[in-house]
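Hi,

Here is the structure I promised to pass on.

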Amino acid sequence: MRTPVVMTLGMVLAPCGLLLNLTSTLAPGWRLLKGFLDQPVDVVLYQGLWDMCREQSSRERECGQPDEWGYFAAQPVLVARGLMVTSLATTALGLLLATLGVRCWRDEPHCVLAGFSGVVLFAAGLFSLIPVSWYNHFLQDRTVLPAPASPVTVHVSYSLVLGYLGSCLLLLGGFSLALSLAPWCEEHCRRRRKAPPAGPRRSSISTVHVDWPEPALTPAIKYYSGGQHRPPPAQQGTGVKAKVGFPMPRPPPKAYANPANVLDGEREQPADSHGASSRSTQPYQSSLPCDSDL
């Protein structure tokens, strides 16, 4: 498996930051003094955290110069000593963890260990950036960082610049390695989302379930047979229930037609006399009272 880019970038920037911070801590070049009245014009004095060196163009550099102004007892110098050494030790620890986490003897990198080493290296960059920035803030203040009075001038030296560069490289390298925690965090969050809840979930307004009663709706389709309302097939076989809905109108009764003519017998009987015929017709006429009106 190829090493991720963030791990490779961190492993390149962190050793460079360590080398620059080591040079800045040991080299006597945090501040440069020049323009002494009783000295040649080309004489300069380099002040560091542990030593002061006098340099002249016609002679070699002479270190171990006496501290006539109480420079090493200044608070920014003492704090810078402690924090720079702490930064170097923390950087060494972070590089050791990064070596074990990024590759070492395994085929695949250990993302958690590499990310933790990035956090350690980022902290090391902060440990070195704080004293460098504080020292630079009081560089021209002769009461905080003692120095001879005017016309001696104070300038920034190379060790302070190296300290800035080393701190920035450690911050970038540590941040790059800390990005290795992203796959682990993503996998951890995915597992937590898939894991079942440990206990019963507390009810809230958004999770309250209301069982509303369902309204009794009449069926949309009726089952009729022979003009009578019948229950649906699912309700057949159960007890008799009240009829629901309106029954279909029944068809009108059919007219009855008698094929035999009842008057055929009366037409065949002969009339004997006028009285007989009148007697036979009298009941018939009496049965039709409305004929006289016609």
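H1 passes H4 in a left-handed crossing (left-handed if the near helix is turned anticlockwise from the far one by less than a right angle, right-handed if clockwise). Their axes are 7 Å apart, and the packing angle is about 155°. That makes H1 roughly antiparallel to H4. On the angle classes: under 35 degrees is roughly parallel, over 145 roughly antiparallel, 65 to 115 roughly perpendicular, and the rest oblique. The axes are lines fitted to C-alpha atoms, for helices over the stretch in contact, and the angles run from 0 to 180 degrees between N-to-C directions.

Before going on, a word on what you are looking at. This is a predicted model, where local features need pLDDT of at least 70, side-chain atom pairs count only at pLDDT 80 or more, and totals for chains, interfaces and linings use all residues. Residues are numbered from 1 along each chain as its sequence is written, and side-chain values use heavy atoms, with hydrogens and water left out.

The overall picture

The protein has seven helices and seven strands; helices (H or I, at least four residues) and strands (E, at least two) are DSSP runs, numbered from the N terminus. Along the sequence they come in the order α-β-β-β-β-α-α-β-α-α-β-β-α-α. Of the 294 residues, 27% are buried (buried is under 20% relative accessible area, exposed over 50%, partly exposed in between, with a 1.4 Å probe and protein chains only). If you take contacts between residues at least 6 apart in sequence, 63% of them join residues at least 24 apart; contact means heavy atoms within 4.5 Å.

On the H1 side the contact involves Met7, Met11, Ala14, Pro15, Leu18, Asn21, Leu22, Ser24 and Thr25, and on the H2 side Met84, Ser87, Leu88, Thr91, Leu95, Ala98, Thr99 and Val102. This crossing is left-handed.

Then there is H2 with H3: the angle is about 165° and the axes are 8 Å apart. H2 and H3 are therefore roughly antiparallel, and their crossing is left-handed.

Thr25, from the H1 side, is worth a click. Threonine 25 sits in helix H1, which covers residues 5-26, and at 1% relative accessibility it counts as buried. Leaving out residues up to four places away in sequence, Thr25 touches Leu49, Trp50, Met84 and Leu88.

The expected span is 1.5 Å times one less than the number of residues. Among the buried residues of H3 are Ala114, Gly115, Leu121, Pro131 and Tyr135.

Helix H4 has 21 residues (158-178) and reaches 30 Å from first C-alpha to last, close to the 30 Å expected. Its buried residues include Ser159, Gly163, Gly166, Leu170 and Leu177. The buried residues of H4 pack against H1, H2, H3 and strand E5 (153-156).

Which residues does leucine 171 contact, leaving aside its neighbours within four places in sequence? They are Phe122, Gly125, Leu126 and Leu129. Leucine 171 is in H4 and counts as buried at 15% relative accessibility.

A salt bridge and a loop glycine

The structure holds one salt bridge, meaning a side-chain nitrogen of Lys or Arg within 4 Å of a carboxyl oxygen of Asp or Glu. Here it joins arginine 61 and glutamate 55, at 2.9 Å from N to O. Arginine 61 is partly exposed, with a relative accessible area of 36%, and glutamate 55 is partly exposed at 25%.

Buried or exposed: what about glycine 64? Glycine 64 is exposed, at 56% relative accessible area. You will find glycine 64 in the loop between strand E4 (62-63) and helix H2 (75-102). Not counting residues up to four places away in sequence, glycine 64 touches Asp51 and Met52. Arginine 54 is ten residues from glycine 64 in sequence, with 8.5 Å between their C-alpha atoms.

Cheers
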